[in-house]
Amino acid sequence: MEFNPTRTSDFLENPFFVKWVKHPNRHTDRYWESWNTKNPEKQAIFLEAIQIAKGLQPKESNQLSADQYQLGLDRIIAANNSIDKDQERSKKQRKSQRRFLTLGGSIAASIVLMGMAMVIWVGSHKESNDPVLVEIPMVVKTAPKGVKKSILLPDSSRVILNSGSEITYPAVFGDQRVVHLKGQAFFDVERDTLHPFIVKSGEIQTSVLGTSFDVKAYDELEVFHVAVVTGKVNVRTDDGIETNITPTEASFYHKSSKSLSKQHYDYEALIGWKDKILKFNRATYHEVFRELSIWYDVHVVIPEGMILKGDFTGRFENQSLENVLKGMEYTTKMHFEIKEREVIVSLP
Amino acid sequence: MYKPVTNKCVVINHDTSPVNEFEVTPRVEEPTDNQLWESVLKGSDEALASLYSRYANKLYNYGTQITLDKDLAFDVVQDVFMYIVSKKLGLKKIESIKNYLYASYRRRLLRLMKRNRKIQLNDEYHRSDGFMVEMDESFYSLSTPLTIDVKKMLEKICNDLPVRQREVITLYFFEELSYQEVAEIMDMSHVRSARNLLYKAIANMQKALKGKEDLIFALYLVFPLHQ
């Protein structure tokens with residue numbers, strides 16, 4: 001039968017439509033998309049309603065702290081095991097009381113006990129085939145120097161992994177989507193308010209429900225950053241310092257002082273890497289060379305005794321190492337020579 | 001092996017294209033709540049840990065909507081799980097695990113709050129601003145004529161409802177529980193009481209949106225009442 005609404009409420013009396021808004025799948029998607037193109041006059045309200053339906057969420061999602069959660073779970077698991085011991089103890093007590101029973105009685109009792117043991121053995125044997133006991137393997141992905149990688153996570157979130165970085169995550173996510181990052185990556189997270197997405201990197205962790213953001217956390221760096229492109233992000237240090245950041249804001253973690261700061265950021269300088277843009281804003285030469293060596297997989301050789309003073313500002317889009325170095329030669333007094341995998345720096 | 005550095009650049013450009021290097025991991029079937037429950041009753045630590053990870057934070061969030069005492073909200077999560085562990089052989093078969101957990105959590109929390117209030121005489125103990133909703137602004141798109149203000153209006157009228165009506169909305173729409181389950185959790189004697197309260201909440205919101213046909217339509221889509 002053709003669905004031909006004349007009033008808005010006709011949509012609402014159509015359970016198929018309501019079900020699609022709440023739980024769409026690709027078949028119903030196709031149906032309603034084609035319905036929509038055939039009924040262009042209803043399109044505006046159609047889109048509005050769907051947007052609202054998807055955007056309205058419970059305001060708070062209070063979570064136990066990682067410590068509380070672990071402590072709570074440990075106690076419960078401990079209780080689960082100590083109760084078993086208690087039951088064994090009371091079994092032993094019962095057994096000792098039976099010592100005073102007649103021989104016939106004790107034979108009967110031991111048969112009963114054997115039967116119990118069998119039941120327990122069969123029970124525990126059965127349990128080992130339980131689907132719950134499947135161990136979820138961890139997946140490790142690395143992008144070596146000179147290479148960037150695009151990765152699709154089990155929840156369909158996308159990650160672009162920068163050169164010289166490593167990401168670890170379970171093959172299937174549990175209640176929390178936890179990934180571990182060494183280095184730098186850009187995350188585009190599928191929205192799922194019930195399963196927070198958490199990036200653990202060094203001493204900071206970043207929690208989101210569904211947004212896109214960049215995390216830079218190379219072990220050797222003094223300053224890490226988390227920069228938000230869309231949505232809301234929570235950054236928290238191991239010491240419990242935390243801050244919420246929103247689009248155009250970035251949070252910087254200073255390792256030596258273990259402090260977090262927050263400010264607006266330059267998109268290209270922090271996230272340009274994923275669009276092949278290499279941008280430096282008054283960066284020290286040490287930073288510049290570190291960046292180049294990871295980006296192009298080269299080793300920068302600075303002759304002993306050479307002091308690199310000042311800073312460098314420049315922007316390169318999709319350039320070869322030669323061009324980047326040529327550009328740097330223009331604005332600095334330095335000279336560069338490329339020898340296989342080495343860049344040798346000299347002053348004229 | 002010598003490889004010109006320029007070639008390396010081409011490799012980089014190639015590798016950043018998002019279609020390259022796709023890794024799709026196979027999904028392992030997750031056990032249902034009832035499967036977990038059966039294993040928990042048999043004493044499985046793994047199943048217990050899975051059940052805890054599925055519900056500890058949800059129950060905690062539920063509790064913190066009712067009370068300001070976060071430690072109490074956490075303690076009651078522990079109590080609910082400890083009860084299951086200690087009584088596991090004595091627990092009968094349960095139809096909805098989620099419902100059982102929410103109902104026993106809420107009952108115990110309210111009982112403890114009542115007891116504590118006698119001792120503390122603290123008015124702020126009971127929250128009246130829990131179960132609020134929020135319009136996520138990242139869902140704002142320029143493709144529709146709806147402005148943020150209009151969306152915020154829907155958020156506001158929902159948050160203006162009495163707290164009990166907001167709780168019904170949270171349980172029914174966001175936790176996707178049935179009328180019967182909502183009635184059990186909120187300690188109502190009849191299933192129809194839950195249904196009535198929910199209809200009242202929707203009617204209140206509709207009243208607040210009087211004359212705004214489009215938003216009423218959106219309201220029904222956000223909170224569909226048919227089964």
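Predicted model: local features only at pLDDT ≥ 70, side-chain atom pairs only at ≥ 80, totals over all residues.

Q: How much space lies in the second largest pocket?
A: The second largest pocket holds about 760 Å³ of space. It is lined by 32 residues, and the closest to its centre are A:K216, A:H225, A:A269, A:L270 and A:E287.

Q: Which elements give two or more residues to that lining?
A: In chain A, these are β10 (223–230), β14 (259–264), α7 (267–271), β15 (277–284) and α8 (285–296). The most comes from β15(A), with 8 residues.

Q: And which domains does the lining of this pocket draw on?
A: At least three residues come from each of domain 3 (139–269) and domain 4 (276–346) of chain A.

Q: How do the lining residues divide by type?
A: For the second largest pocket, 14 are nonpolar, 8 are polar and 10 are charged.

Q: Which residues line the second largest cavity?
A: The lining consists of A:N162, A:Q184, A:Y218, A:R290, A:E291, A:I294 and A:W295. Of these residues, 3 are nonpolar, 2 are polar and 2 are charged. Helix α8(A) gives the most to this lining, with 4 residues.

Q: Let us turn to strands. Is β8 of chain A mostly covered or mostly uncovered?
A: Strand β8(A), residues 204–208, is mostly covered, with 4 of its 5 residues buried.

Q: Which strands pair with it?
A: Strand β7(A), residues 197–201, is joined to β8(A) by 5 bridges, and the two run antiparallel. Strand β11(A), residues 233–237, also pairs with β8(A) in the antiparallel sense, over 4 bridges.

Q: Which residues face each other there?
A: A:V199 has A:T206 in β8(A) as its bridge partner. A:S207 stands opposite A:N234 in β11(A).

Q: What is found in the turn of the β7(A) and β8(A) hairpin?
A: There are 2 residues between the strands, and A:G202 takes a positive phi near 55° in this hairpin.

Q: What about β13 and β14 of chain A?
A: Strand β13(A), residues 249–254, pairs with β14(A) in the antiparallel sense over 6 bridges. A:F252 stands opposite A:S261 in β14(A). The two strands form a hairpin with 4 residues between them, and A:K258 in the turn has a positive phi of about 50°.

Q: Now chain B. Which residues of helix α2 are buried?
A: In α2(B), residues 33–41, the buried residues are B:D33, B:L36, B:W37, B:S39, B:V40 and B:L41. Just after this helix, B:G43 takes a positive phi of about 100°.

Q: Where is B:N57 placed, and is it buried or exposed?
A: B:N57 is in helix α3 (residues 45–66) of chain B. It counts as buried because its relative accessible area is 10%, and buried means under 20%.

Q: What is B:N57 in contact with?
A: Leaving aside neighbours within four places in sequence, B:N57 is in contact with A:N62, A:Q63, A:L64, A:Y69 and A:Q176.

Technical notes: Residues numbered from 1 in each chain as written. Chains lettered and ligands numbered in written order. Heavy atoms only, no water. 1 Å grid on protein atoms, 1.4 Å probe; cavity = no way out; pocket = protein on both sides within 12 Å on 5 of 7 lines; lining within 4 Å. Points joined across faces, edges and corners; volume = space filled by probe spheres on them. Nonpolar A, V, L, I, M, F, W, Y, C, P; charged D, E, K, R; others polar. Domains from an automatic or database assignment. Buried < 20%, exposed > 50% of the residue type's maximum accessible area, 1.4 Å probe, protein only. Pairing = 2+ DSSP bridges. Contact = heavy atoms within 4.5 Å.
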